[in-house]
Amino acid sequence: MKKLDDLREVFKNAKRRKPSQIFCPRCASPKIHLSSGLDLWLTPKSYVCDECGYNGVIVMELEEENQTEEEKQTSTEE
């Protein structure tokens, strides 16, 4: 039963996850986009960078860290 509860928690958090900002892995530019509209459902996602011309499936993501109240208090006390 513990595994089922853990699985439910993973899916609950996945639905609430905000889209993260993506960056080019070659030049770190935020000016990167999907290569075509079909990449979402027909073919694997492929990205193109407007700055350096990168074309590939790998991108860097920047996610905001969620701190618990205890971690926030610890970091402000130091």
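A residue counts as buried when its relative accessible area is under 20%, as exposed when that area is over 50%, and as partly exposed in between, with a 1.4 Å probe and protein chains only. By this rule Ser-29 is buried, with a relative accessible area of 8%, and buried residues make up 14% of the 78 residues in the protein. The model is a predicted one, in which local features need pLDDT of at least 70 and side-chain atom pairs count only at pLDDT 80 or more, whereas totals for chains, interfaces and linings use all residues. Residues are numbered from 1 along each chain as its sequence is written, and side-chain values use heavy atoms, with hydrogens and water left out.

**Overall architecture**

- The protein has two helices and five strands, where helices (H or I, at least four residues) and strands (E, at least two) are DSSP runs numbered from the N terminus.
- Along the sequence these elements follow the pattern α-β-β-β-β-β-α.
- Among contacts (heavy atoms within 4.5 Å), those between residues 24 or more positions apart account for 41% of the contacts with a separation of 6 or more.
- The protein exposes about 7,000 Å², of which carbon and sulfur atoms supply 53%; accessible areas come from the Shrake-Rupley method with a 1.4 Å probe, and for residues only the protein chains shown count as cover.

**Core and nonpolar surface**

- The largest nonpolar core consists of five residues, namely Cys-24, Ile-32, Tyr-47, Cys-49 and Tyr-54, a core being a set of buried Ala, Val, Leu, Ile, Met, Phe, Trp, Tyr and Cys residues joined through side-chain atoms within 4.5 Å.
- Once neighbours within four places in sequence are left aside, Cys-24 is in contact with Ser-29, Ile-32, Cys-49, Cys-52, Tyr-54 and Met-60.
- Leu-4, Leu-7 and Phe-11 make a nonpolar surface patch of about 290 Å²; patches are made of residues with over 30% relative accessible area and no salt bridge, like charges being joined within 9 Å and nonpolar side chains (Val, Leu, Ile, Met, Phe, Trp, Tyr) within 5 Å.

**The loop between S1 and S2**

- Ser-29 sits in the loop between strand S1 (21-23) and strand S2 (32-34), and, leaving aside neighbours within four places in sequence, Ser-29 is in contact with Ile-22, Phe-23, Cys-24, Cys-49 and Glu-51.
- A polar atom of the Ser-29 side chain lies 3.0 Å from the backbone nitrogen of Lys-31.
- Ala-28, found in the loop between S1 and S2, has a phi near 65°, a positive value in a residue other than glycine.
- Most residues other than glycine have a negative phi.
- At 44% relative accessibility, Ala-28 counts as partly exposed.

- Glu-51 forms a salt bridge with Lys-31, the closest N and O atoms being 3.3 Å apart.
- Glu-51 lies in the loop between strand S3 (47-49) and strand S4 (55-56) and Lys-31 in the loop between S1 and S2, so the pair ties together parts that are 20 residues apart in sequence.
- Both partners are partly exposed, Glu-51 with a relative accessible area of 49% and Lys-31 at 48%.
- Leu-34, in strand S2, is partly exposed at 26% relative accessibility; Leu-34 and Val-57 are 23 residues apart in sequence and 9.3 Å apart in space, C-alpha to C-alpha.

Definitions and conventions:
Salt bridge = Lys/Arg side-chain N within 4 Å of Asp/Glu carboxyl O. Polar contact = N/O pair within 3.5 Å; in protein donor to acceptor, adjacent residues only side chain to side chain.
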